[in-house]
Amino acid sequence: MPDAVYPGTFDPFTPGHRDVVDRVRHLFDRVVVLVAINPEKEPAATQAQRLAALRASLPASWSNVGVAAWAGLTVAYCREHHAGVIVRGVRNHTDMLYEYQLAAVNQELGVTTLLVPARPELARVSSTALRI
């Protein structure tokens, strides 16, 4: 099985994010939750704070799940670390349209994207809403 990368700003890491990781960790040898720097977003927590919070929230028994930070394109991380799949969670139709466009670009660059639909009970939770 290939390795997968689950990128996001994770400000904060929500129950929905955790659920995506829990579901995909069974599909791949290794899953890296990639705390990304997005110049279009202004996170409330620093990258170091987000990394620490994320690491603390993942069970030790999830031995094939790692956490890393990255400031470049996710595809570049995938190439450098030999990950063949980018995982993205989708909560609604708007997310799906946006993620589908990104997935097409990623595929052109040689990396497959797996879109994981949110569970209905978690679909309304967003990092932005939790910060307010």
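Let's start with a pair of strands: S1 (residues 3-8) and S4 (residues 83-90) run parallel and are joined by three bridges. Strands count as paired here if DSSP finds at least two bridges between them. This is a predicted model, in which local features need pLDDT of at least 70 and side-chain atom pairs count only at pLDDT 80 or more, while totals for chains, interfaces and linings use all residues. Residues are numbered from 1 along each chain as its sequence is written, and side-chain values use heavy atoms, with hydrogens and water left out.

**Strands and helices**

- The chain has five helices and five strands; helices (H or I, at least four residues) and strands (E, at least two) are DSSP runs, numbered from the N terminus.
- Reading from the N terminus, you get β-α-β-α-β-α-β-α-β-α.
- One of the residues involved is Val-87, whose bridge partner in S5 is Leu-114.
- To get from S4 to S5 the chain passes through helix H4 (residues 93-108), making a right-handed β-α-β crossover. Right-handed means that, with the strands pointing away from the viewer, the path from the first strand over the helix to the second runs clockwise.

**Overall shape**

- The radius of gyration is 14 Å, which agrees with the value near 14 Å for a compact globule of 132 residues. That radius is taken over C-alpha atoms, and the globule rule is 2.2 Å times the number of residues to the power 0.38.
- Along the principal axes, the C-alpha trace spans about 35 × 35 × 30 Å.
- Of the 132 residues, 42% are buried. Buried means under 20% relative accessible area, exposed means over 50%, and partly exposed is in between (1.4 Å probe, protein chains only).
- Among contacts with a separation of 6 or more, 78% are between residues 24 or more positions apart; a contact means heavy atoms within 4.5 Å.

**What sits inside**

- The largest nonpolar core has 20 residues, and Val-33, Leu-54 and Val-87 touch the most other members. Such a core is a set of buried Ala, Val, Leu, Ile, Met, Phe, Trp, Tyr and Cys residues joined through side-chain atoms within 4.5 Å.
- S1, helix H1 (15-24), strand S2 (31-36), helix H2 (47-57), strand S3 (65-70) and S4 each give this core two or more residues.
- Leaving aside neighbours within four places in sequence, Leu-54 is in contact with Phe-10, Phe-13, Val-33, Val-35 and Val-67.
- Another core, of eleven residues, lies apart from the largest one, and its members include Val-32, Val-75, Ala-83 and Ile-86.

- Most residues other than glycine have a negative phi, and most peptide bonds are trans.
- In the loop between S1 and H1 you'll find Phe-10, which has a positive phi of about 50°.
- Phe-10 counts as buried because its relative accessible area is 4%.
- Pro-12 sits in the loop between S1 and H1, and the peptide bond from Asp-11 to Pro-12 is cis, with omega near 0°.
- His-82 has a positive phi as well, near 60°, and lies in the loop between helix H3 (74-81) and S4.
- With a relative accessible area of 68%, His-82 is exposed.

**One more on the outside**

- Ala-48 is part of helix H2 and counts as exposed because its relative accessibility is 54%.
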